[in-house]
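Q: Please take a close look at one part of this structure with me. I would like to follow its salt bridges and the helix contact around them.

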Amino acid sequence: MIKVIDLFAGPGGLGEGFTAFKTENGKLPFSIIASVEKEASAHRTLTLRSFYRKFKKNCVPNEYYQYIQGEITRETLFSLYPKESEAALEETLQEPKSLGTDNLEIHSTIKQRLGKEEEFRVVIGGPPCQAYSLAGRAKNMNDQKYNAKEDIRNFLYKEYLNILCIVNPQVFVMENVKGILSSKIAGESIFTQILQDLTDPNKALGDSSPGIKYRICSVVTGQSFGPGEDVSKVDPRGFIIKSEEYGIPQARHRVILLGI
């Protein structure tokens, strides 16, 4: 089993992709051990989908669909299947949790669930995009009091770095909006800084102890970037995934960083 830690999970779309992946012999190798999300309605969906996955294919109870159709309450559904509902709530940390605010509990829970050092682990997730998106930045420009250096959303990716240092995953996936490529703070590219920090999370957080270092790879072009290498030689456009090029009926473009 490959343990997955899902950060800034939202309603769980990225985690759905990992947990739905099957090997050639039909096995499901990825299992989410912790999903972290602070927004209440997204957390409800995150927990409900976790509940759904606790049942084998074709064994999802009729009451699940009754709830979806509004015929019974969520409380009734969960009370009928206490084992599965408790497992789902455990996976999503019982309630909404915020990285940066609830770190003591989040970090402690993740450490408890990691298991043996030699087990494979993956960290996934995308820090909130409002500060990077074109729409968000346009809104901020109209706010005379806005200061990018004081907007903590610009630096929430460092909470992602914290988890990398705790988990030491063999692989991580960070997702964000295309606007992050052109976002700047005090004239400096935030994407360039994120790339450099992800190659050496310990160093980026001021930790002098040796930690795992990563190559940041593009799944589109195959280009990669490692610790100490000249980030100016990296073409940021190579990290853009265009969903319409992969058979998905929508023009959704996202930046995907694969750390190995």
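A: The answer below starts with a helix pair, moves to the salt bridges, and then turns to other spots for comparison.

This is a predicted model, in which local features need pLDDT of at least 70, side-chain atom pairs count only at pLDDT 80 or more, and totals for chains, interfaces and linings use all residues. Residues are numbered from 1 along each chain as its sequence is written, and side-chain values use heavy atoms, with hydrogens and water left out.

Start with helix α2 (residues 40-53). Helices here are DSSP runs of H or I with at least four residues, strands are E runs of at least two, and both are numbered from the N terminus. The axes of α2 and helix α5 (residues 82-91) come within 8 Å and cross at roughly 130°. An axis is a line fitted to C-alpha atoms, for helices over the stretch in contact, and angles run from 0 to 180 degrees between N-to-C directions. The two helices α2 and α5 are therefore oblique to each other. Angles under 35 degrees count as roughly parallel, over 145 as roughly antiparallel, 65 to 115 as roughly perpendicular, and the rest as oblique. The crossing of α2 and α5 is right-handed. That word applies if the near helix is turned clockwise from the far one by less than a right angle, and left-handed applies if anticlockwise.

Now the contact itself. From α2 come T47, S50, F51 and R53; from α5 come E84, S85, A88, L89 and E91. Contact means heavy atoms within 4.5 Å. By class, this contact of α2 with α5 has three nonpolar, three polar and three charged residues. Ala, Val, Leu, Ile, Met, Phe, Trp, Tyr, Cys and Pro count as nonpolar, Asp, Glu, Lys and Arg as charged, and the others, Gly among them, as polar.

Next, the charged pairs. Side chains of opposite charge can pair when their charged atoms come close. A salt bridge is a side-chain nitrogen of Lys or Arg within 4 Å of a carboxyl oxygen of Asp or Glu. The structure holds 11 of them. One joins R53 and E16, at 3.2 Å from N to O. R53 lies in α2 and E16 in helix α1 (residues 13-20), so the pair ties together parts that are 37 residues apart in sequence. R53 counts as partly exposed, at 25% relative accessibility. E16 is partly exposed too, at 21%. Buried means under 20% relative accessible area, exposed over 50%, and partly exposed in between (1.4 Å probe, protein chains only). Beyond this pair, E16, R49, R53, K54 and E91 are linked in a network of salt bridges. R53 and E91 are also among the residues of the α2 and α5 contact.

E105 pairs with K97, the closest N and O atoms being 2.9 Å apart. Here K97 is buried at 8%, while E105 is partly exposed at 41%. R237 pairs with D235 at 3.1 Å. R237 is exposed at 61%, and D235 is partly exposed at 31%.

Finally, a loop residue. S218 sits in the loop between β7 (216-217) and β8 (224-225). S218 counts as buried, at 5% relative accessibility.
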